[in-house]
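Dear colleague,

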Amino acid sequence: MPEFYVYILALILVTGLLATSLNLVLGYGGIYQFHHAVFYGVGAYTLALAITRMGWPAWVGFAAGPVVAAAAGALIGVICVRLTRLYFGMLQLSLGSLLWTIVLRWRSVTGGDDGIHGILVPAALQRVEGAYYVILAVVGASLVALFIIVRSPFGATLQAVRDNPQRCQAVGIDVRVHQLVAIVIAAFFAGAAGALYVVLERSVFPNMLFWVLSLEIFVMCLLGGWFTFLGPLVGAGIIVALRTVASRYTENWTMILGTILILLIFFMPEGVMGHLQQWIAGRRRTREDAYV
Amino acid sequence: MVEFTALASQVLVGLSRAMILFIVSAGLSFVLGVLRVPNVFHGSLYMIGAFSAFSIATWLGGHPAGLWLALLGAPVVAVAVGLVVERALLSHLYQREHLMLILFTFGVMLVLNDLVKLVWGPDYRSLVAPPSLQGAASVLGISVPRYNLFLLFVGPLVAAGMWFVTAKTRIGRIARAAAVDRDMVGILGINVSRVFSAAFMIGCYLAGLGGALVAPTTSITLGMDHTIIIEAFLIVTVGGLGNIWGALVGSILFGVTQSVGLLVWPQFAIVFPYLATVIVLLLRPTGLLRSVW
């Protein structure tokens with residue numbers, strides 16, 4: 001396969017992991033995580049700084065990325081989790097934006113608006129193929145882990161909390177603890193996606209923590225389908241692939257993305273996978289009807 | 001030690017910047033309060049206002065009246081764009097949940113972003129204030145740029161106008177009633193859809209006016225929508241969702257912390273308003289003043 005396609009596939013996997021991690025809190029947890037990209041950025045910057053500023057071995061930095069992101073998730077989560085819905089989202093947005101301004105301005109450490117480029121990753125990862133296999137392995141393992149979490153008793157409780165928090169509280173489930181744990185887990189995997197991005201691109205930049213990226217991940221979840229496990233991955237795949245194709249012909253990619261988003265909200269708010277599920281369910285029903 | 005006059009002049013400049021933030025976030029807050037729509041493309045209308053002001057002033061070939069006509073004309077362009085989007089698309093979505101409305105208006109923002117690029121090109125633009133507003137004036141021995149004094153005059157004017165519209169006019173009263181209970185307003189036989197449309201136009205007007213007012217003070221560029229909208233959303237939250245006076249308080253907090261920060265620690269000046277926002281929201285998550293939500 002040509003190197004370019006391998007690169008695109010790797011980018012889809014990284015973005016897909018990021019979107020899937022958001023879906024854990026958003027789709028399964030019903031939490032208004034307005035600024036998920038912050039954890040992606042924290043994971044990426046942790047790896048970048050570990051290599052360029054601290055001189056740590058790359059694998060230590062790679063392990064640190066998700067852990068630091070999870071710590072950031074715990075800190076921001078503890079502060080925000082006492083609020084609900086829009087107020088939760090706005091407080092999280094303000095905390096995330098604060099972090100973004102610090103990254104943007106702390107030039108001596110983060111490189112300011114230029115970011116950090118040409119990060120030296122181990123030789124085996126410098127070829128796209130090497131990076132691809134690492135990304136495939138990590139994303140594969142992460143998706144399996146996330147799937148197990150969603151299907152676990154914890155995942156079931158989380159969905160119950162989403163659907164009826166008052167009732168869960170009444171039967172003795174600690175709603176906030178469940179939400180907080182979900183936020184930390186999601187931040188961990190977003191951090192892993194961020195570190196993988198550095199492996200692939202060897203650069204970081206402050207826009208990874210900007211609110212626009214957070215909404216773009218939302219769009220991926222919406223496009224794929226919030227209430228399905230594979231939806232966000234599918235959504236990320238469609239958007240990354242479309243962007244790659246579109247950027248060859250036009251400079252107006254954001255107009256295309258915006259149009260897709262508007263059409264989606266009007267005609268298919270349940271997303272591709274959600275639509276597919278409904279379609280399959282519909283077919284099954286008609287077939288059963290035929291036998292009756 | 002920071003000199004007193006320098007501090008005072010910096011506070012005045014911060015207040016004048018706060019006036020632009022207020023005009024923009026008052027529009028956002030009004031739409032949020034009446035229509036319950038968190039309008040992400042409000043920032044795009046601000047950008048369209050700034051670019052339109054540039055075009056109108058350039059079209060007049062640098063005539064001193066250019067800016068004045070731009071201040072009149074640019075908000076009209078923003079209103080026209082907003083009205084088309086509201087009537088054609090947004091008005092069909094009012095019943096959707098907030099997350100969908102955020103995503104929808106984000107989609108419109110993405111489209112408008114590229115439309116602005118197609119119409120005005122990707123280059124930086126700038127606009128010169130008319131001679132009467134150039135240079136600095138001295139107020140009580142404090143030197144302040146004339147244009148900033150002009151902004152300090154316009155801000156309260158807009159605030160008074162908003163107070164008059166919401167408190168004294170029929171449409172304002174209906175809009176406030178609709179903010180509290182839109183079903184009841186509909187039952188009373190009022191065409192809620194038209195009220196929403198009018199309220200939305202007021203919001204768009206304020207976004208365009210903010211853009212036109214900011215045009216002579218900064219470079220007009222693609223991406224100015226991204227920064228203003230996050231600032232406006234945080235200001236509106238700090239002030240209390242839907243509360244226009246809250247937007248004023250939030251804007252002053254945002255503008256003054258940034259300009260004083262510029263004096264204290266220039267490198268991190270932009271961090272201070274965000275820090276102030278976080279501190280306020282930690283203490284009062286629903287904002288300083290009463291939210292209409």
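Chain B of this predicted model contains 11 helices and 2 strands, and, when it is read along the sequence, these elements follow the pattern α-α-α-α-β-β-α-α-α-α-α-α-α. The radius of gyration of chain B is 19 Å, close to the 19 Å that the globule rule gives for 293 residues, so the chain is as compact as a globular protein of that length. Its C-alpha trace spans about 60 × 50 × 35 Å along the principal axes. Of the 293 residues in chain B, 53% are buried, and among the contacts in chain B with a separation of 6 or more, 79% are between residues 24 or more positions apart.

Turning to where the chains touch, the contact takes 29 residues from chain A and 28 residues from chain B. On the side of chain A, the elements that give two or more residues are helix H4 (85–105), H11 and helix H13 (253–267), with H4(A) giving the most, at 11 residues. By class, that side of chain A divides into 21 nonpolar, 7 polar and 1 charged.

Within chain A, the axes of helix H1 (residues 3–28) and helix H11 (residues 211–224) come within 9 Å and cross at roughly 80°, which makes H1(A) roughly perpendicular to H11(A). Here Leu18(A), Ala19(A), Leu22(A), Asn23(A), Leu26(A) and Gly27(A) in H1(A) meet Ile217(A), Met220(A) and Cys221(A) in H11(A), and this contact has 7 nonpolar, 2 polar and no charged residues.

With best wishes

Methods:
Residues numbered from 1 in each chain as written. Chains lettered and ligands numbered in written order. Predicted model: local features only at pLDDT ≥ 70, side-chain atom pairs only at ≥ 80, totals over all residues. Axes fitted to C-alpha atoms, helices over the stretch in contact; angles between N-to-C directions. Helix = DSSP H or I, 4+ residues; strand = E, 2+ residues; numbered from the N terminus. Parallel < 35°, antiparallel > 145°, perpendicular 65-115°, else oblique. Contact = placed C-beta atoms within 7 Å. Nonpolar A, V, L, I, M, F, W, Y, C, P; charged D, E, K, R; others polar. Rg over C-alpha atoms; globule rule 2.2 N^0.38 Å. Buried ≥ 20, exposed ≤ 12 C-beta atoms within 10 Å, placed from the backbone.
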